[in-house]
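Colleague: I would like to go through some of the labels attached to this model and hear, for each one, what value stands behind it.

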Amino acid sequence: MTDLEEGVARMDAVEVFNSMPAVHLGESLTACCAAPTWGATVVARRPYRDRAAILAEADAASRALSWEGVLTSLAAHPRIGERAAGDSAEAAWSRIEQSTAAEGDDRAELARVNQAYEEKFGHVFLIFASGRSQAEILAAARERLGNDEQTEREIVSDELRKIALLRLERVIDALA
């Protein structure tokens, strides 16, 4: 695909994104980030001039989430290393994102670290798992167990932001 063709395809996806009924776009955005304020903000700020503007607004909305919004989103995420059930877009994306975490010899150790993390922080361990090996994920989980609650909240919020943006890119790509 030439740069011009790619630009036209992106513009078409942006036009579709801008013209989708709010309820349908909202459903797609909920699969990216389950915090209702995140999706509502992205929908409300339409129309966007281009893909970068959509992603910038979504990034800003992610950074503005309250801790309660983050917790709402965390509730929609399976434990790292566990296979997400169902046939929703969110479950399918989770299975793709966590594919390496669910494989390998350290699954039992990852389950133990997940349990310790949940006991300490009261929510699932969340990490941007795409492209990371099971060993990398396990090392990060162990390291983050040493964090205080405020530090961990900041990390979790940023990991959620990265996941939401990746998923939003998938939504936009599917519109092209």
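Colleague: What makes Cys33 count as buried?

Modeller: A residue is called buried under 20% relative accessible area, exposed over 50%, and partly exposed in between, using a 1.4 Å probe and protein chains only. Cys33 has 3% relative accessibility and therefore counts as buried, and Cys32, at 0%, counts as buried too. This is a predicted model, in which local features need pLDDT of at least 70 and side-chain atom pairs pLDDT 80 or more, while totals for chains, interfaces and linings use all residues. Residues are numbered from 1 along each chain as its sequence is written, and side-chain values use heavy atoms, leaving out hydrogens and water.

Colleague: Why are the buried residues of H2 said to line one face of the helix?

Modeller: Helix H2 covers residues 22-32, and its buried residues are Leu25, Leu29, Ala31 and Cys32. Seen down the axis of H2, these buried residues fall within an arc of 150°, so they are said to line one face; the arc is taken over the directions from the helix axis to the C-beta atoms. On the other side of H2, Val23 and Glu27 are exposed. The helices themselves are DSSP runs (H or I, at least four residues), numbered from the N terminus.

Colleague: Which residues touch the most other members of the largest nonpolar core?

Modeller: Such a core is a set of buried Ala, Val, Leu, Ile, Met, Phe, Trp, Tyr and Cys residues joined through side-chain atoms within 4.5 Å. The largest one has 44 residues, of which Phe17, Leu29, Trp38, Val42 and Leu168 touch the most other members. Among the elements that give two or more residues to this core are helix H1 (3-19), H2, helix H3 (36-44) and helix H9 (149-175), and H9 gives the most, with 8 residues. Leaving aside neighbours within four places in sequence, Val42 is in contact (heavy atoms within 4.5 Å) with Phe17, Leu29, Tyr48, Ala58 and Ala61.

Colleague: Why is the ring pair of Tyr117 and Phe121 called tilted?

Modeller: Rings of Phe, Tyr and Trp (its six-membered ring) pair if their centres lie within 6.5 Å, and planes under 30 degrees apart count as stacked, over 60 as edge-to-face and the rest as tilted. By this rule there are 3 aromatic pairs. For Tyr117 and Phe121 the centres are 4.7 Å apart and the planes at 45°, so this pair is tilted. Both residues lie in helix H7 (residues 107-121), 4 residues apart, about one turn of the helix. Tyr117 also pairs with Phe125, edge-to-face, at 5.2 Å centre to centre and 75° between the planes. Ring pairs thus link Tyr117, Phe121 and Phe125 into a cluster, and the relative accessibility of Tyr117 is 0%, that of Phe121 12% and that of Phe125 2%, so Phe125 counts as buried.

Colleague: Where is His123, and what does this residue contact beyond its neighbours within four places in sequence?

Modeller: His123 is found in the loop between H7 and helix H8 (134-144), and with a relative accessible area of 10% this histidine is buried. Apart from those sequence neighbours, His123 is in contact with Trp67, Leu71, Leu74, Tyr117, Glu118 and Val156.

Colleague: What joins the side chains of Asp59 and Arg161?

Modeller: A polar contact of 2.7 Å joins them, the definition asking for a pair of N or O atoms within 3.5 Å, where within protein one must be able to donate a hydrogen and the other to accept it, and residues adjacent in sequence count only if both atoms are side-chain atoms. Asp59 belongs to helix H4 and, with a relative accessible area of 17%, is buried. Not counting residues up to four places away in sequence, Asp59 touches Arg161 and Leu165.
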